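Please keep the sequence and the structure in view while reading.

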Amino acid sequence: ESYKLYGNTLAEALQGGESLESELSIFARAVDKKDPHELKKLDDVISNFQIIIKNALLSPVPVASSSLHLALIQSLEAVRYDISGMKLLFSDTALAFLALNSYEGDAKKLLTAMQSITTAIQASGATFSPSDAGYKTFGR
């Protein structure tokens, strides 16, 4: 039952932000247009990550999955940090491209963290009904 609660609470946290345009799309458009104002749209994405991180930190975590949850939080923070770095495209181009380069690896770590949590939740035997928040995110 603790994994079902965790799955539902975490799914709600992950869905807590708005659906926004991809940070990579925003960055690419800013590069193409050479328009620093485009990068201001990253502020909404960063805010979205902050909301998700805050809510994920408030999720009750089964003790056996605490290291998986920590990896998720660290990955979310890393991606948020990378997106913040992308905003520096026109003031510190080298740092912005360093952030963009880090983003790829950090996004992969985020995906891996989510896959590990999904595996742990499913291995626990937790089942979700279609009305549960965890249903779409963690299945069954």
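## The model and its largest pocket

The model is predicted. By class, the lining of its largest pocket has 6 nonpolar residues, 1 polar residue and no charged ones. The space in this pocket comes to about 180 Å³.

Which residues line the largest pocket? They are L14, Q15, F49, I52, L76, L110 and M114. Two elements, α3 (42-57) and α5 (93-123), each give two or more residues to this lining.

## Overall layout

The chain has 6 helices and 0 strands. Read from the N terminus, the order of elements is α-α-α-α-α-α. The C-alpha trace spans about 50 × 25 × 20 Å along its principal axes.

Of the 140 residues in the chain, 39% are buried. Taking contacts between residues at least 6 apart in sequence, 69% join residues at least 24 apart.

## Helix α1

Helix α1 covers residues 2-14. Its 13 residues should span 18 Å at 1.5 Å a residue, and its end C-alpha atoms are 18 Å apart, which agrees. The buried residues in α1 are Y3, Y6, G7, N8, L10, A11 and A13. These buried residues pack against α3, α4, α5 and α6 (134-138).

L14 also belongs to helix α1. Leaving aside neighbours within four places in sequence, L14 is in contact with I52, M114 and T137. L14 and I52 are 38 residues apart along the chain, yet 5.5 Å separates their C-alpha atoms. L14, I52 and M114 are also among the residues that line the largest pocket.

## Helix α2

In helix α2 (23-33), the buried residues are E23, I26, F27 and A30. They cover an arc of only 95 degrees around the axis, so they sit on the same side of α2. D32 and K33 lie on the other side of α2 and are exposed. This pattern can be read with a general rule in mind. An α-helix has 3.6 residues a turn, so residues three or four places apart point the same way.

What covers the buried residues of α2? The cover includes α3, α4 and α5.

## Helix α3

Helix α3 has 16 residues. From its first C-alpha to its last, α3 reaches 22 Å, close to the 22 Å expected at 1.5 Å a residue. L42, V45, I46, N48, F49, I52, I53 and A56 are buried in α3. Seen down the axis of α3, these buried residues fall within an arc of 155 degrees, so they line one face of the helix.

The cover over the buried residues of α3 includes α1, α2 and α4 (66-86). Two of the buried residues of α3, F49 and I52, are also in the lining of the largest pocket.

## R80 in helix α4

R80 is found in helix α4. Why does R80 count as buried? R80 is buried because its relative accessible area is 18%, and buried means under 20%. Leaving aside neighbours within four places in sequence, R80 is in contact with I46, F49, Q50 and I53. Among these, I46, F49 and I53 are buried residues of α3.

## Two loop residues

K34 is in the loop between α2 and α3. K34 is exposed, with a relative accessible area of 65%. K34 has a positive phi of about 55 degrees, although it is not a glycine. A general point gives the background: most residues other than glycine have a negative phi.

A64 is in the loop between α3 and α4. A64 is exposed too, with a relative accessible area of 68%. How many residues separate A64 from I121 in sequence? They are 57 residues apart in sequence and 11 Å apart in space, C-alpha to C-alpha.

Notes:
Residues numbered from 1 in each chain as written. Predicted model: local features only at pLDDT ≥ 70, side-chain atom pairs only at ≥ 80, totals over all residues. Heavy atoms only, no water. 1 Å grid on protein atoms, 1.4 Å probe; cavity = no way out; pocket = protein on both sides within 12 Å on 5 of 7 lines; lining within 4 Å. Points joined across faces, edges and corners; volume = space filled by probe spheres on them. Helix = DSSP H or I, 4+ residues; strand = E, 2+ residues; numbered from the N terminus. Nonpolar A, V, L, I, M, F, W, Y, C, P; charged D, E, K, R; others polar. Expected span 1.5 Å × (residues − 1). Buried < 20%, exposed > 50% of the residue type's maximum accessible area, 1.4 Å probe, protein only. Arc of directions from axis to C-beta. Contact = heavy atoms within 4.5 Å.
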